[in-house]
Amino acid sequence: MTQDISLFGMDSLQSASSGVSSDLGVEAVRSWFVGQKDYANRFAQAFRKSIDEVLDGQRTGRYDLYVKEGDGRVEKTEKTYLGTKVEIVVRAEFDLGYGSPMDYMIAGQHVDAKWTMGKTWTIPKEAMGHICLVMRADDRTREFQVGLLRITEEVLNVGLNGDEKRGTSAASRAGITWIVKDGKLPANFLLNLKNESPEKIQTIFHASDKYRGSGNGGQLRVNELFRQVPGQLVDRTTVVTVATQHDSPKRVRDARKHLRPEGIVVLGHTRPAPRIAEALGLPIPEKGFWVSARLAVVPEGDPRPSEMINGVRYGIWRQGDVPIEAPIVSKDSDE
């Protein structure tokens, strides 16, 4: 498994072939994958897991693979290892056998795994004549592709790179048979927030700057996370990255207590929270996700979405509403 250098653009990738291949070996591998249950989503989850494990947000606070310098940077060696991680996670996800000398044995074919966060791949000489499972993803756009390419002289450039590997040529676009051509990665919440509202990211990660107590102030950052992103689903990886601590449910439980005086609830997957979220027009959290909202008591005749909680009708807070203490929704031991 090797990391890539960019050799041709996404327009080339998008114009590559799809559907049934005339190469019987490639077609056997393609048919095997498309016969697997929910295969596209499984690739998406494998890529998401691999990226998150390399970022290791729980220990490092990192969430952006594309940072090259300064705090939060991802080293070149880590990006190279990401290719190996994808190879391993995809093997486990699809229970693939080991090939020789290639990475996988699929439908009787020896298949090499090739990964990139860029736009194409580099190929070692030992892959000549073999099928490559070519995989790529962009964590910024959430796009991913998975395809198959038989390696021949016609699909490779002449020159070698520093590792004595050859890049795929422009002609290789016609040889790619797509398994997933227009896939969508699960969202990287913090990276999306950085791109859309960088000031919120700054506020969240600097919430503990003046903290002088024991620990590292992770709870203050988690509290600020839920203040800054009301109405948005927040996943466990986001919480542990912001906290740089392991126990995300405890950080969320404590955030509920700290934010209650501000009228903010943090709803999880246990009842009655999903019902309340739906009634208020919020995203419905599943296990491992939470959504926050600032509430107000809703007077009779108010048309906004609302729900009864502990005998009182609440809706989403609007400018001019009377500040309240948020109701207790979930038992803290439940999540």
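A contact here means heavy atoms within 4.5 Å.

**Figure 1. Overall fold of the predicted model.** The protein has 335 residues, and 49% of them count as buried. Its secondary structure comes to 11 helices and 14 strands. Taking contacts between residues at least 6 apart in sequence, 60% join residues at least 24 apart. The accessible surface comes to about 16,000 Å², and carbon and sulfur atoms hold 50% of that area.

**Figure 2. Strand β5, residues 131–138.** A residue is called buried when its relative accessible area is under 20%. In β5, 8 of the 8 residues are buried, so the strand is largely enclosed by the rest of the structure. The residues point two ways from the strand: Ile131, Leu133, Met135 and Ala137 one way, and Cys132, Val134, Arg136 and Asp138 the other. Both sets are buried, with Arg136 and Asp138 included.

**Figure 3. Pairing of β5 with strand β3.** Strand β3 covers residues 109–116 and runs in the parallel sense to β5, with 6 bridges between the two. One of the pairs joins Thr116 to its bridge partner in β5, Arg136. The side chain of Arg136 belongs to the set that points the same way as Cys132, Val134 and Asp138.

**Figure 4. The hairpin of β5 and β6.** Strand β6 spans residues 143–150 and pairs with β5 in the antiparallel sense over 8 bridges. The two strands form a hairpin with 4 residues between them. In the turn, Arg142 has a positive phi of about 70°.

**Figure 5. The largest pocket.** Rolling a probe the size of a water molecule over the atoms shows where empty space is left. The largest pocket holds about 770 Å³ of space. It is lined by 30 residues, of which Arg48, Asp52, Asp235, Thr237 and Thr238 are the closest to its centre. The lining divides into 10 nonpolar, 10 polar and 10 charged residues.

**Figure 6. Helices in the pocket lining.** Four helices each supply at least two residues of the lining of the largest pocket: α3 (39–55), α4 (57–60), α6 (189–196) and α9 (236–243). Which helix gives the most to the lining? With 6 residues, that helix is α3.

Notes. Residues are numbered from 1 along each chain as its sequence is written. This is a predicted model: local features need pLDDT of at least 70, side-chain atom pairs count only at pLDDT 80 or more; totals for chains, interfaces and linings use all residues. Side-chain values use heavy atoms; hydrogens and water are left out. Buried means under 20% relative accessible area, exposed over 50%, partly exposed in between (1.4 Å probe, protein chains only). Two strands pair if DSSP finds at least two bridges between them. Accessible areas come from the Shrake-Rupley method with a 1.4 Å probe; for residues, only the protein chains shown count as cover. On a 1 Å grid over the protein atoms alone, a cavity is a set of points where a 1.4 Å probe fits but cannot get out, and a pocket is an open set with protein on both sides within 12 Å along at least five of seven lines; lining residues have an atom within 4 Å of a point. Grid points are joined across faces, edges and corners, and a volume is the space filled by probe spheres set on the points. Ala, Val, Leu, Ile, Met, Phe, Trp, Tyr, Cys and Pro count as nonpolar, Asp, Glu, Lys and Arg as charged, and the others, Gly among them, as polar.
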